[in-house]
Number of protein chains: 2
Amino acid sequence: MTDRYTADALAGYVEALFAAAGLEVEKAALVAPLMVEADLMGHTTHGLQLVPPYLAALADGSMAPSGQPDVLSDRGPVVAWDGRRLSGVWLTATAVDLAVERARQYGTCTVSIRRAHHIACLAAFLERATSNGMMITLTCSDPSVASVAPYGGTRAVYTPNPLAVGIPTSGDPILVDISASITTNGLTGRLHKEGRMLDHDWLIDADGNPARDPAVLFTDPPGTILPVGGLDHGHKGYGMALTVEALTQALAGHGRADPPEGWGAGVWVQVQDPTAFSGSDAFTRQTDRLAELCRTNPPRPGVGAVRLPGDGAMARKRTALADGVALYPGIVDALGDWAGKLGVTAPDPI
Amino acid sequence: MTDRYTADALAGYVEALFAAAGLEVEKAALVAPLMVEADLMGHTTHGLQLVPPYLAALADGSMAPSGQPDVLSDRGPVVAWDGRRLSGVWLTATAVDLAVERARQYGTCTVSIRRAHHIACLAAFLERATSNGMMITLTCSDPSVASVAPYGGTRAVYTPNPLAVGIPTSGDPILVDISASITTNGLTGRLHKEGRMLDHDWLIDADGNPARDPAVLFTDPPGTILPVGGLDHGHKGYGMALTVEALTQALAGHGRADPPEGWGAGVWVQVQDPTAFSGSDAFTRQTDRLAELCRTNPPRPGVGAVRLPGDGAMARKRTALADGVALYPGIVDALGDWAGKLGVTAPDPI
């Protein structure tokens, strides 16, 4: 039987670990619940699994522990920051909150961040905007890492380049969280460690042959993850990926044209306030109808019911808040090692 | 040997046809070259092929011939219009030009349009922004039409929901033009008419079985076009499609929750000025490097060279401007029928 913990106990634990590792107290307090949020939603590769490597980054100085981003530009509805390699989770949450505030005045606000550290789970930030009735688009890329090749090519140029969108309805928000590649670095890394295969040929080896064994990503030269659409119509994922590169690196003015600085992110956040367009009620009247048309859609054979993006995550979150969070195998031990080093007491399971 | 025409002769012809059909002269002058632009780029389902149905829409009153959109909201960086079923091509071009002008001041400008008529070829609008050094995102949907089902479902809810992005470099712009479905209404309609098959199982029939015969879209009930990612990872295209619905209908305050008004579009245009972020040079330094990494990528077996989105269209455009435009079979005759009715003289081939 896997141990379960309350979300609050885990957040307190993670906050204490970050603070003990030297992260500013107000930053630790903002970041910790967002790490737990990912596990609540079931995004187990992007939640507490990332806390040990983040602690290591604080220890080796590759994540800055304190201070504010440098403001490169501020036009009101557009803000550009140099993140100075501060916690990407803290920078992103702070950017979302600023964009929500500014969007009330301008109708939209866009925040571009260069040189953030890794930002963890994009889906975890969306409700900060949707709970205010606003639509949010959030995307990032890591200019120091490459695992996906351009469509038709064989050498990695960019990251999976995720894109998350939060869309308010009068009930639960629609929470889109997709990447421009079929699968992710997190999942392929985990499966490779566990000696497991992907379900389909979502990769190509270094010669361009289809593959489902994540080991092809660890050869020299390495294979690559296929773009969304695969060998069949991968120009679609390629187009998405280039768009994300432009938003997160070209607008940020820092990217693959610069020397790699290590694990990190370029980030682009945009919030749109429906009241500046046609009004909040007009917005949710459309999204409610869209949600209804999807949820009541007759499913294909083998599909139980048509769901909306975010339905599963919101359901998992409710269950985890009620019954406690069961962390993915290995995470409790990895956190325990750091707790020992940093003199932090681990919480008891419920 | 197929007849070829100069781009200018075709634009003059189309302008004369639209003017003779009652479209305001300044609108005919703006729309005509944009219709030709699509054929120049090789988007032959979305160029002059659409002129006869647009002329029919002017004739039956479903496209409004004159006047301005109603301004529903104007916050400076956000503008919302009711398009009053004016030409979608004219509305979109006018919105892009306004967004470029406003983005110089605010850094970004977003224009939402409800109740436009059909907007034709998204890629044709992008250079209006990229030639000014700006990044543009343009998307639309038609709330009166549905041909794509939500992932896992069998009944059409929405349109292919295209998304086009123009990204400046120091050379040719990157011109992304993708849809959230694997293939489009235009292509499946043309193949069905010609009794041809798709290359792959990009459709499902009304029971949810994979199909490549576009005839499955014309049964009762009809089958549907699969989302990007297909049966394998179609949640990606589903997420894109819902995002486009929210941008183009929910923000516009008009969509599938309203009674259908016939062939038309909800439109969302956003322009971002790199000078408001990190500067134009910083932007193109990144996009130039990205373009170089893609174009020099060693190709997979069977692939001649890795190209960037837009490379093919820009090359076709240069050739067509130099050697003349060869229209897709049937288009010259269809235009000729209207020219006869409207008393317009068709141009001579070169």
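How many of the residues of helix 5 of chain A are buried? The count is 8 of 8, and the helix is mostly covered. The model is a predicted one. The buried residues of helix 5 are Ala123(A), Ala124(A), Phe125(A), Leu126(A), Glu127(A), Arg128(A), Ala129(A) and Thr130(A).

Helix 5 of chain A has a packing partner. Helix 4 (residues 88-106) of chain A packs with helix 5 (residues 123-130) at about 20°, and the two axes are 9 Å apart. Angles under 35 degrees count as roughly parallel. Helix 4 of chain A is therefore roughly parallel to helix 5 of chain A. Their crossing is right-handed. Helix 4 brings Thr92(A), Ala93(A), Val96(A), Asp97(A) and Val100(A) to the contact. Helix 5 brings Phe125(A), Arg128(A) and Ala129(A). Sorted by class, this contact has 5 nonpolar, 1 polar and 2 charged residues.

Now go to the start of the chain. Helix 1 (residues 7-20) and helix 2 (residues 25-40) of chain A cross at roughly 135°, and their axes come within 8 Å. That angle makes helix 1 of chain A oblique to helix 2 of chain A. This crossing is right-handed. From helix 1, the residues in contact are Ala7(A), Leu10(A), Ala11(A), Val14(A), Glu15(A), Phe18(A) and Ala19(A). In helix 2 they meet Val25(A), Ala28(A), Ala29(A), Val31(A), Ala32(A), Pro33(A), Met35(A), Val36(A) and Leu40(A). The contact divides into 15 nonpolar residues, no polar ones and 1 charged.

Val51(A), Pro52(A) and Leu55(A) of helix 3 make the contact with Ala334(A), Leu335(A) and Trp338(A) of helix 11. Here the classes are 6 nonpolar, no polar and no charged.

What about the core? In soluble globular proteins, nonpolar side chains tend to be buried together. The largest nonpolar core here has 230 residues. Those touching the most other members are Val14(A), Met35(A), Val267(A), Val14(B), Met35(B) and Val267(B). Val14(A) and Met35(A) also take part in the contact of helix 1 with helix 2 of chain A. Take Val267(B) as a close-up. Leaving out residues up to four places away in sequence, Val267(B) touches Gly88(B), Leu91(B), Thr92(B), Ala95(B), Ile113(B), Ala116(B), Ile119(B), Cys140(B) and Thr248(B).

How do the two chains meet? In chain A, 69 residues are in contact with 70 residues of chain B. Several elements of chain A give two or more residues to this side, among them strand 1 (70-74), strand 2 (78-82), helix 8 (235-250) and helix 9 (280-295). By class, the side of chain A that touches chain B has 37 nonpolar, 23 polar and 9 charged residues.

Ser278(B) sits in the loop between strand 10 (265-272) and helix 9 (280-295) of chain B. Is Ser278(B) buried or exposed? It is buried, because 23 other C-beta atoms lie within 10 Å, and 20 or more is the cut-off. Setting aside neighbours within four places in sequence, Ser278(B) is in contact with Leu72(A), Ala80(A), Leu251(A), Ala252(A) and Gly253(A) of chain A, and with Phe283(B) of chain B.

Methods:
Residues are numbered from 1 along each chain as its sequence is written. Chains are lettered from A and ligands numbered from 1 in the order in which they are written. This is a predicted model: local features need pLDDT of at least 70, side-chain atom pairs count only at pLDDT 80 or more; totals for chains, interfaces and linings use all residues. Axes are lines fitted to C-alpha atoms, for helices over the stretch in contact, and angles run from 0 to 180 degrees between N-to-C directions. Helices (H or I, at least four residues) and strands (E, at least two) are DSSP runs, numbered from the N terminus. Angles under 35 degrees count as roughly parallel, over 145 as roughly antiparallel, 65 to 115 as roughly perpendicular and the rest as oblique. A crossing is left-handed if the near helix is turned anticlockwise from the far one by less than a right angle, and right-handed if clockwise. Two residues are in contact if their C-beta atoms, placed from the backbone, lie within 7 Å. Ala, Val, Leu, Ile, Met, Phe, Trp, Tyr, Cys and Pro count as nonpolar, Asp, Glu, Lys and Arg as charged, and the others, Gly among them, as polar. A nonpolar core is a set of buried Ala, Val, Leu, Ile, Met, Phe, Trp, Tyr and Cys residues joined through C-beta atoms within 7 Å. A residue is buried if 20 or more other C-beta atoms lie within 10 Å of its own, exposed if 12 or fewer, and partly exposed in between; C-beta atoms are placed from the backbone.
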